Amino acid sequence: KFPVLGAAVGSLNGATSERIFVGPKHLNVLESVKVGPGDLRGLIDFGFWSFISRPLFLWLRWTQQHVASNWGVSIIILTVIINVVLFPLRLTSMKSALKMQKLTPQVNAIKKKYEKFSLRDPRKQEMNQEIAALFKREGASPMGGCIPMLIQFPFLVAFYSMLGSAIELRQAPFLWLHDLSSPDPIFILPILIVVTTLAVQKMTPQAGMDPAQQKIMTLMMPV
C-alpha cells in the first residue's frame, strides 16, 4: 500500500480543465512535454549554478550513451577531463602558495618587529606597507592562490548538484555499488575520499599558517 496524494483544482464559476504531469523527473521525458512555448525541463532543480549543471549533465548523458554504457565510468571520465582542464588553475594556485610559503619567514620577521605596537598605533600601518612592499618586490600576492580556487568553485558545486539531481543514477550499478544514488553500504568510497584528501592536504603548501592550526586543518578537512 502506498499513500495517495490528493489534489483539488477547480473554479466555483464553472468547469475547469487542467493538465497534470505525474512521472519521474527524467530530462528526456520532461523535455517531451510541451507547455506553451517551452517544456517541463525547469522541474529539475540543478541549483544556483544550473547554467553549468545542465550542460554537464547533457555531457554526462552523451558520454554514457556513446562512450561508456556504465554511469559510474562516465562520471569518472568527466571527472578526469574536468580536472585536466582545470589543472592550469590549480598549478597557478599551488605556485602562488609556494611563493607565499617561501616569504613566510620574512613576513613573520616584519610582524615581530612591530608586535610591541597596539593595533590602533599608526606605526602598524608601516608594518602593512612593509609587507606589501615585500610582496610587490618578490612578485607574490596573498590573493594569487584564491582567485584560481574561486574560478573552480562553481564547477565543483555544479557537478555535485548535477549528480544529486540526475534520476538516471537511481539504481544504476557500479562495481560493488548497486545504486549510485544511495550511500556506499560498506563505506569504501568515504574512506578513499578521506585518504586522498589527506594526501592532497599534505602536498598542498599552507603559507603563513600556524603549525598547530595546520595540523588540525590537515586532519579535520578530510573528515
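The structure is a predicted model, in which local features need pLDDT of at least 70 and side-chain atom pairs count only at pLDDT 80 or more, while totals for chains, interfaces and linings use all residues. Residues are numbered from 1 along each chain as its sequence is written, and side-chain values use heavy atoms, with hydrogens and water left out. Helices here are DSSP runs of H or I with at least four residues, and strands are runs of E with at least two, numbered from the N terminus.

**Helix H2 and what covers it**

- Helix H2 covers residues 50-66, which is 17 residues.
- From its first C-alpha to its last, H2 reaches 24 Å, close to the 24 Å expected at 1.5 Å a residue; the expected span is 1.5 Å times one less than the number of residues.
- Which residues of H2 are buried? They are Ile-52, Ser-53, Arg-54, Leu-56, Phe-57, Leu-60, Arg-61, Thr-63 and Gln-64.
- Buried means under 20% relative accessible area, exposed means over 50%, and partly exposed lies in between (1.4 Å probe, protein chains only).
- The cover over these buried residues includes H1, H3 and helix H5 (146-165).

- Two packed helices are described by the angle between their axes and the distance between the axes.
- Axes are lines fitted to C-alpha atoms, for helices over the stretch in contact, and the angles run from 0 to 180 degrees between N-to-C directions.
- H2 and H3 pack at an angle of about 125°, and their axes are 9 Å apart.
- That angle makes H2 oblique to H3; under 35 degrees counts as roughly parallel, over 145 as roughly antiparallel, 65 to 115 as roughly perpendicular, and the rest as oblique.
- H2 passes H3 in a right-handed crossing; a crossing is right-handed if the near helix is turned clockwise from the far one by less than a right angle, and left-handed if anticlockwise.
- On the H2 side, Leu-56, Trp-59, Leu-60, Arg-61, Thr-63 and Gln-64 meet Trp-71, Ser-74, Ile-75, Ile-77, Leu-78, Ile-81 and Ile-82 of H3, where contact means heavy atoms within 4.5 Å.
- By class, this contact of H2 with H3 has nine nonpolar, three polar and one charged residues.
- For these classes, Ala, Val, Leu, Ile, Met, Phe, Trp, Tyr, Cys and Pro count as nonpolar, Asp, Glu, Lys and Arg as charged, and the others, Gly among them, as polar.
- The axes of H2 and H5 come within 8 Å and cross at roughly 60°, so H2 and H5 are oblique to each other.
- The crossing of H2 and H5 is right-handed.
- Ile-52, Ser-53, Leu-56, Phe-57 and Leu-60 of H2 make this contact with Pro-154, Phe-155, Ala-158, Phe-159, Ser-161, Met-162 and Leu-163 of H5.
- The residues where H2 touches H5 divide into ten nonpolar, two polar and no charged.

**How H3 packs against H4**

- Helix H3 (residues 71-113) and helix H4 (residues 123-138) pack at about 155°, with axes 10 Å apart.
- That makes H3 roughly antiparallel to H4.
- The crossing of H3 and H4 is right-handed.
- In H3, Lys-99, Met-100, Leu-103, Gln-106, Val-107, Ile-110, Lys-111 and Lys-113 meet Met-127, Glu-130, Ile-131, Leu-134, Phe-135 and Glu-138 in H4.
- This contact of H3 with H4 has eight nonpolar, one polar and five charged residues.

**Two buried glutamates**

- Not counting residues up to four places away in sequence, Glu-31 touches Asp-39, Arg-41 and Arg-54.
- Glu-168 lies in the loop between H5 and H6 and is buried, with a relative accessible area of 12%.
- Leaving aside neighbours within four places in sequence, Glu-168 is in contact with His-26, Leu-27, Phe-57 and Trp-71.

- Most residues other than glycine have a negative phi.
- Gln-171 has a positive phi of about 65° although it is not a glycine; this residue is in the loop between H5 and helix H6 (188-203) and is exposed, at 53% relative accessible area.
- Leu-175, also not a glycine, has a positive phi of about 50°; Leu-175 is found in the loop between H5 and H6 and is exposed at 67%.
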